[in-house]
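The following questions and answers concern the fold and packing of one protein chain.

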Amino acid sequence: MAIALGDVPDYVKASADSLASQFDITDAGGRATSGHIPDSDHYTGHAVDFMVYSDRAKGNALASYLLFTPNRWQQNSVKYIIWYGRYYDKPAPVPATDTDLSHYGDVYVGPSPHRDHVHVSYQSSQDPSQVTTSIAGDVAGVADTVGSIIGVFTFLADSKNWMRIAWFTLGAALLTVGLFRIDAVKQGVSTVAKGVTNAGN
Ligand SMILES: [Zn+2]
């Protein structure tokens with residue numbers, strides 16, 4: 001079941017949908033116009049509350065996934081996480097051998113202890129390391145084009161290919177001459193036919 005997030009950026013929706021399906025979250029809150037602290041990222045669509053209710057293990061699993069799995073934090077463009085009274089503003093050092101959540105982050109002093117939902121705030125734009133992936137794709141595309149241009153030059157640099165081009169050109173020329181001759185013969189026939197017709201008048 002897809003979670004309803006309201007008007008949020010595509011990378012936020014992609015991340016939240018993926019996390020929700022992975023951790024069996026069926027209820028979540030995204031963009032909001034009220035009900036959060038002032039300057040909350042929910043007001044700009046850059047925060048998602050993943051509801052786990054009384055399932056603390058599920059909340060731990062979701063928070064741990066983002067905090068302890070290499071690159072997950074960046075891949076999801078996370079800014080910070082609030083879960084079970086703690087505030088995490090960066091991922092754990094990699095590789096994390098100690099995965100006790102209480103050993104990371106700081107005590108969260110906001111009004112809600114966040115014990116029934118994991119709050120994930122997202123960067124205001126997609127993490128640069130993820131945007132680079134698409135730029136790398138563009139560079140690969142340019143490389144392909146350059147590669148095909150180089151391919152043409154490589155083709156032309158081979159003398160055997162020049163012979164092929166010469167034969168091709170000669171063939172095309174002969175074909176053209178051939179067509180011209182056929183046309184000329186047709187005209188000749190037509191002239192003779194006209195002559196015969198005239199003779200009949
Ligand atoms: Zn929230």
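Q: What is the order of the six strands in the open sheet?
A: The model is predicted. From the N terminus on, the elements of the chain follow the pattern α-β-β-α-α-β-β-β-β-α-α. The six strands form an open sheet with antiparallel pairing, and their order in that sheet is β1-β2-β6-β3-β4-β5.

Q: Which strands are the edge strands of this sheet?
A: An edge strand pairs on one side only. Strand β5 is joined by two bridges to β4 (residues 86-88), the two running antiparallel. The strands that pair on one side only are β1 (28-29) and β5 (106-107).

Q: Which residue in β5 is the bridge partner of R86?
A: Strand β4 covers residues 86-88, and two bridges join β4 to β5. For R86, the bridge partner in β5 is V107.

Q: At about what angle does α1 run to β2?
A: Helix α1 lies across β1, β2 and β6. Helix α2 also packs on the sheet, where α2 touches β2, β3, β4 and β6 and makes about 155 degrees with the direction of β3. For α1 and β2, the angle is about 10 degrees.

Q: Which element gives the most residues to the largest nonpolar core?
A: This core holds 28 residues, of which V48, F50, L67, I81, V118 and V120 touch the most other members. Two or more residues come from each of α1 (10-22), β2 (47-51), α2 (56-68), β3 (78-83) and β6 (117-122). With five residues, the element that gives the most is α2.

Q: How many other C-beta atoms lie within 10 Å in the case of Y84?
A: Y84 lies in the loop between β3 and β4 and has a positive phi of about 50 degrees although Y84 is not a glycine. Y84 is partly exposed, and the number of other C-beta atoms within 10 Å is 18.

How values were computed: Residues are numbered from 1 along each chain as its sequence is written. This is a predicted model: local features need pLDDT of at least 70, side-chain atom pairs count only at pLDDT 80 or more; totals for chains, interfaces and linings use all residues. Helices (H or I, at least four residues) and strands (E, at least two) are DSSP runs, numbered from the N terminus. A nonpolar core is a set of buried Ala, Val, Leu, Ile, Met, Phe, Trp, Tyr and Cys residues joined through C-beta atoms within 7 Å. A residue is buried if 20 or more other C-beta atoms lie within 10 Å of its own, exposed if 12 or fewer, and partly exposed in between; C-beta atoms are placed from the backbone. Two strands pair if DSSP finds at least two bridges between them. Two residues are in contact if their C-beta atoms, placed from the backbone, lie within 7 Å. Axes are lines fitted to C-alpha atoms, for helices over the stretch in contact, and angles run from 0 to 180 degrees between N-to-C directions.
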